[in-house]
Amino acid sequence: MNGSKLNLGIFGGSFNPIHYGHLILAEFARVEYCLSKVIFIPTGDLGYGKEILPILGEHRFNMVSLATSSNPFFSVSRIELERKEPTYTVDTLKKLINIYDTSIYEYYYIVGLDSAVDLLSWKEPTEILNYAYFIVGSRPDYSVEDLFEKLSPIKEYFHKIHLLKIPLLEISSNYIRKRLGEGKSIRYLVPELVEDYIINNKLYKEGG
């Protein structure tokens, strides 16, 4: 960490859909690590290089834009949506360097503990940690001990991984999609603007 640089938060994910858990993590990270801004980056339609996401990137981008519109420290990037090939975090970070110079910005990649435990399965995980510090938000049913046990092969990078305690809300995008598929209310799980967008565009009608 370099005190002379601006701290830049980067929050990637499918956001399928974005919910209050995402927003709480981003805001707690912003405050705790004095982030000058947090950039939300919805993944491309080929999510994480493995699967075709059921909801097109344009809808997910719009929902993230609506959810973050009231926070002047939050912004949304189309950098992954504009790529036609599968999206990987390491490639996105390399592209961001052309926009946010690392001589000016210190990168902080925001992620939930449930995703961080699988970091070794990501493309070039140590290269990612060369580019950015990790802010790992706590999640229900996931332990810090498990995280460091799974990442023990790269323990020389542990100083780049910072743990952040946040309110443990049992909210996930999968849970929200399931409720929508069952015709149940998602009020208070997502911002009202996002709920209205989902209803108006008839998204997630089949659940999955």
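Trainee: Which residue forms a salt bridge with Lys-94, and how far apart are the closest N and O atoms?
Mentor: Glu-124 is the partner, and the closest N and O atoms are 3.8 Å apart. A salt bridge here is a side-chain nitrogen of Lys or Arg within 4 Å of a carboxyl oxygen of Asp or Glu. This is a predicted model, where local features need pLDDT of at least 70 and side-chain atom pairs count only at pLDDT 80 or more, while totals for chains, interfaces and linings use all residues. Residues are numbered from 1 along each chain as its sequence is written, and side-chain values use heavy atoms, with hydrogens and water left out.

Trainee: Where do Lys-94 and Glu-124 sit in the chain?
Mentor: Lys-94 is in helix H3 (residues 89–96), and Glu-124 is in the loop between helix H4 (113–116) and helix H5 (125–131). The two are 30 residues apart, and the pair links distant parts of the chain. Helices (H or I, at least four residues) and strands (E, at least two) are DSSP runs, numbered from the N terminus.

Trainee: How exposed is Lys-94?
Mentor: Lys-94 is partly exposed, with a relative accessible area of 34%. Buried means under 20% relative accessible area, exposed over 50%, and partly exposed in between, with a 1.4 Å probe and protein chains only. Glu-124 is partly exposed too, at 36%.

Trainee: What about the phi of Glu-124?
Mentor: Glu-124 has a positive phi of about 50° although it is not a glycine. Most residues other than glycine have a negative phi. Cys-34 also has a positive phi of about 50°; Cys-34 lies in the loop between H1 and S2 and is exposed at 60% relative accessibility.

Trainee: Where is the cis peptide bond?
Mentor: The cis bond joins Asn-16 and Pro-17, with omega about 5°. Pro-17 is in the loop between strand S1 (6–13) and helix H1 (20–32).

Trainee: Back to charges. How many salt bridges does the structure hold?
Mentor: There are nine. One of them is Lys-178 with Glu-182, at 2.8 Å, N to O. Glu-182 also has a salt bridge with Lys-184, where the closest N and O atoms are 3.2 Å apart.

Trainee: Is Lys-160 buried or exposed?
Mentor: Lys-160 is buried and has no salt bridge. The nearest side chain of opposite charge is Glu-106, 6.4 Å away; Lys and Arg count as positive and Asp and Glu as negative, with His and the chain ends not counted.

Trainee: What does Lys-160 touch?
Mentor: Not counting residues up to four places away in sequence, Lys-160 touches Leu-129, Asn-130, Ala-132, Tyr-133 and Phe-134. Contact means heavy atoms within 4.5 Å.

Trainee: And which strand holds Phe-40?
Mentor: Phe-40 lies in strand S2 (residues 35–42) and is buried at 0% relative accessibility. Its contacts include Phe-11, Phe-15, Val-64 and Phe-74. Phe-40 and Ile-110 are 70 residues apart in sequence and 9.5 Å apart in space, C-alpha to C-alpha.

Trainee: Last one: at what angle do H2 and H8 pack?
Mentor: Helix H2 (residues 57–68) and helix H8 (residues 192–200) pack at about 155°, with their axes 8 Å apart. That makes H2 roughly antiparallel to H8. Axes are lines fitted to C-alpha atoms, for helices over the stretch in contact, and angles run from 0 to 180 degrees between N-to-C directions. Under 35 degrees counts as roughly parallel, over 145 as roughly antiparallel, 65 to 115 as roughly perpendicular and the rest as oblique.
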